[in-house]
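Good morning, and thank you for coming.

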Amino acid sequence: ADSFTVTVAVAADVPDGTLALNVAEIDSPDSFDPDLLNNIDEEETLVEAVADLSINKTADPADLVAQGQQLTYSFEVDNNGPSDAQAVQTIDDLPQDFAGQVASMPAECNEVLGVVTCDWGTLAAGFNTTYDIVINVPAQGALGDQLNEVEILSPTTDPDPLNNDSAATVRVVTAVPADGTALIAVQKFFVDGNDETAVTLTLSC
């Protein structure tokens, strides 16, 4: 008996849960076959959609931002395939002090109580895009380290969930007043478990 193998590539947009039916038939017009019942065979294969989504976030300014300035969070979204990813969302948990301070964001996004949810629909395998969320840093308060975390979600199976979230920390410092008086704020930090006292110095320029 002879045997051979046929390898078939499943298209990236085949829906998850699809039953792929393969029918094989053998025929010989020049020979008489006394048993035609074994000349056809079928095999069903269940298709599982798998999409390796990833997200990366950066901040500009990257380290320090002054009160009253704008801060831009930039996001890069990838679908590394091999399948299309369905009903993709990114959920960005803004620092508490930045809630309600979004100056601009894509039309696909909406902020509710400091959480920016973006609905991207279906992302094709190989898809890559970037988008920005711009924050008006409050002129008062919000001093110190501000942690922003984002995650990307989809009901499509992701083989590598470790790259589905990203974070950026920016330190908010005191702005320089218009009258030329420079305020230097030394924030409260925890060093080796000890609570250090916050100190604010006022210098005349």
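Let me begin with the ground rules. This is a predicted model, in which local features need pLDDT of at least 70, side-chain atom pairs count only at pLDDT 80 or more, and totals for chains, interfaces and linings use all residues. Residues are numbered from 1 along each chain as its sequence is written, and side-chain values use heavy atoms, with hydrogens and water left out.

First, the chain as a whole. It has 0 helices and 16 strands; helices (H or I, at least four residues) and strands (E, at least two) are DSSP runs, numbered from the N terminus. Of its 205 residues, 30% count as buried. Buried means under 20% relative accessible area, exposed means over 50%, and partly exposed lies in between, with a 1.4 Å probe and protein chains only. A contact means heavy atoms within 4.5 Å. Among contacts between residues at least 6 apart in sequence, 69% join residues at least 24 apart.

Now to the interior. In soluble globular proteins, nonpolar side chains tend to be buried together. A nonpolar core is a set of buried Ala, Val, Leu, Ile, Met, Phe, Trp, Tyr and Cys residues joined through side-chain atoms within 4.5 Å. Which residues touch the most other members of the largest core here? Of its 29 residues, they are Leu 71, Tyr 73, Phe 98, Tyr 131 and Ile 135. Several strands each supply at least two residues of this core, including strand 3 (51-60), strand 5 (70-82), strand 9 (115-123) and strand 10 (128-136).

Let us stay with Tyr 131. Leaving out residues up to four places away in sequence, Tyr 131 touches Ile 55, Tyr 73, Ser 74, Phe 75, Val 77, Thr 90, Pro 106, Cys 118 and Trp 120.

A pair of aromatic rings is described by the distance of the centres and the angle of the planes. Rings of Phe, Tyr and Trp (its six-membered ring) pair if their centres lie within 6.5 Å; planes under 30 degrees apart count as stacked, over 60 as edge-to-face and the rest as tilted. By this rule, the count comes to 2 aromatic pairs. Why is the pair of Phe 75 and Tyr 131 stacked? The ring centres are 4.6 Å apart and the planes are at 10°, so Phe 75 and Tyr 131 count as stacked. This pair links distant parts of the chain, with Phe 75 in strand 5 and Tyr 131 in strand 10, 56 residues apart. Both Phe 75 and Tyr 131 are buried.

Trp 120 and Tyr 131 form a tilted pair, with 5.0 Å from centre to centre and 50° between the planes. Trp 120 lies in strand 9 and Tyr 131 in strand 10, so this pair ties together parts that are 11 residues apart in sequence. Trp 120 is buried, as is Tyr 131. Together, Phe 75, Trp 120 and Tyr 131 form one aromatic cluster.

Next, the largest pocket. On a 1 Å grid over the protein atoms alone, a pocket is an open set of points where a 1.4 Å probe fits, with protein on both sides within 12 Å along at least five of seven lines; lining residues have an atom within 4 Å of a point. The lining comprises 19 residues, of which Val 8, Val 10, Ala 20, Asn 22 and Thr 45 lie nearest the centre of the pocket. Strand 1 (19-25) and strand 2 (40-46) each supply at least two residues of the lining, and strand 2 gives the most, with 5 residues.

Finally, some points along the backbone. The peptide bond from Asp 60 to Pro 61 is cis, with omega near 0°, and Pro 61 lies in the loop between strand 3 and strand 4 (64-66). The bond from Gly 81 to Pro 82 is also cis, with omega near 10°; Pro 82 is in strand 5.

Is Leu 113 buried or exposed? At 83% relative accessibility, Leu 113 counts as exposed. Its phi is near 55°, a positive value in a residue other than glycine. Ala 142, with a positive phi of about 65°, is buried, at a relative accessible area of 9%.
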